[in-house]
Amino acid sequence: MVEARVLISTKSQKLSEAGQSLCLVTEHLELRGAKVTDAPSLAEFFRRNREHFKPWDPPGPPGRFTAAYWENNLRRAVDDWNADRALRLHMFEKHDPERVVGRIGFSQIMRGAFQSCMLGYQLDAACEGRGLMYEALQSAIGFIFDRHLLHRIQANHLEENLRSAKLLGRLGFVREGIAPNYLFIGGQWRDHVLNSLINPNFDASRLGAE
């Protein structure tokens, strides 16, 4: 994994609505924990990428293109991280630190004997082909494995999404198979390719202490 500076509060990794205490800094990017004040920039991110994301995403509520919708969504994202349910990261280029250019989400975090989560990501159409999502995911996965101590990450994509297939392969994900009729996209149920990445440094001894 690429090295990244991790900026977190000294007392905890909790997030607040007004500002984040988690920030992963890479060569070209800052990956910040979700905060409510990102709502206008996030709404604009989805408006300008509406057609770009349409082939890959399930249908969403009409309000997802408004700041008001994202204010509520981001409050839930803050609560989810503080409750160890999910982590949402927003991507910013260092030269433009107020404009969201991508999102990474680790959702459905499960502890106990599973220690796993689901990965999703979205990148601005104007930023494709520059290696930014690869750079961002290297850092984010490193954090989830090394700091957040998860064992397994699952990431799924449509069979024709060759860009995602290539990206996940570069990151070391292994193709596990096909999930038939997995998500409702574009007016029909669509098959998805299932992929996973295992943390090679996971300390299984701590499970016995729980």
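This is a predicted model: local features need pLDDT of at least 70, side-chain atom pairs count only at pLDDT 80 or more; totals for chains, interfaces and linings use all residues.
The side chains of Glu 93 and Arg 130 come together in a salt bridge, 2.6 Å from N to O; the term covers a side-chain nitrogen of Lys or Arg within 4 Å of a carboxyl oxygen of Asp or Glu. This pair links distant parts of the chain, since Glu 93 sits in strand S4 and Arg 130 in the loop between S6 and H4, 37 residues apart. Residues are numbered from 1 along each chain as its sequence is written, and side-chain values use heavy atoms, with hydrogens and water left out.

How do the two partners sit relative to the surface, buried or exposed? Glu 93 is buried, at a relative accessible area of 8%, whereas Arg 130 is partly exposed at 46%. Here buried means under 20% relative accessible area, exposed means over 50%, and partly exposed is in between, with a 1.4 Å probe and protein chains only.

Across the whole structure, the search turns up nine salt bridges. As a bit of background, side chains of opposite charge can pair when their charged atoms come close. Another of these bridges joins Asp 84 and Arg 111, at 2.9 Å from N to O. Asp 84 belongs to the loop between H3 and S4 and Arg 111 to the loop between S5 and S6, so this bridge ties together parts that are 27 residues apart in sequence. Asp 84 is partly exposed at 24%, and Arg 111 is partly exposed at 28%. Then there is Arg 85, which forms a salt bridge with Asp 80, the closest N and O atoms being 2.8 Å apart. Arg 85 is partly exposed as well, with a relative accessible area of 43%.

Next come the aromatic rings. Rings of Phe, Tyr and Trp (the six-membered ring for Trp) pair if their centres lie within 6.5 Å; planes under 30 degrees apart are called stacked, over 60 edge-to-face, and the rest tilted. That rule gives seven aromatic pairs. In one of them, the ring centres of Phe 46 and Trp 70 are 4.9 Å apart with planes at 15 degrees, so the two rings are stacked. Phe 46 is buried at 7%, and Trp 70 is buried at 4%. Trp 70 also pairs with Tyr 69, this time edge-to-face, at 5.0 Å centre to centre and 85 degrees between the planes. Tyr 69 is partly exposed, at 23%. Phe 45, Phe 46, Phe 53, Tyr 69 and Trp 70 make up one aromatic cluster.

A charge sits over a ring if NZ of Lys or CZ of Arg is within 6 Å of the ring centre and within 35 degrees of the ring normal. The charged end of Arg 32 sits over the ring of Phe 92, 3.8 Å from the ring centre, and the charged end of Arg 170 sits over the ring of Tyr 134, 3.7 Å from the centre.

On to the interior. A nonpolar core is a set of buried Ala, Val, Leu, Ile, Met, Phe, Trp, Tyr and Cys residues joined through side-chain atoms within 4.5 Å. The largest one has 34 residues, and those with the most contacts inside it are Met 91, Ile 104, Phe 106, Ile 141, Ile 153 and Phe 173. Elements giving two or more residues to this core include strand S5 (96-110), helix H4 (132-146) and helix H5 (162-170). Its largest share, ten residues, comes from H4. Apart from this core lies another, of 14 residues, among them Ala 39, Leu 42, Phe 53 and Phe 92.

Finally, Asn 156 lies in strand S7 and is buried at 18%. Its side chain makes a polar contact with that of Gln 154 at 3.3 Å, and a polar contact of 2.8 Å joins the side chains of Asn 156 and Tyr 182. Such a contact is a pair of N or O atoms within 3.5 Å; within protein, one must be able to donate a hydrogen and the other to accept it, and residues adjacent in sequence count only if both atoms are side-chain atoms.

Terms used: Helices (H or I, at least four residues) and strands (E, at least two) are DSSP runs, numbered from the N terminus.
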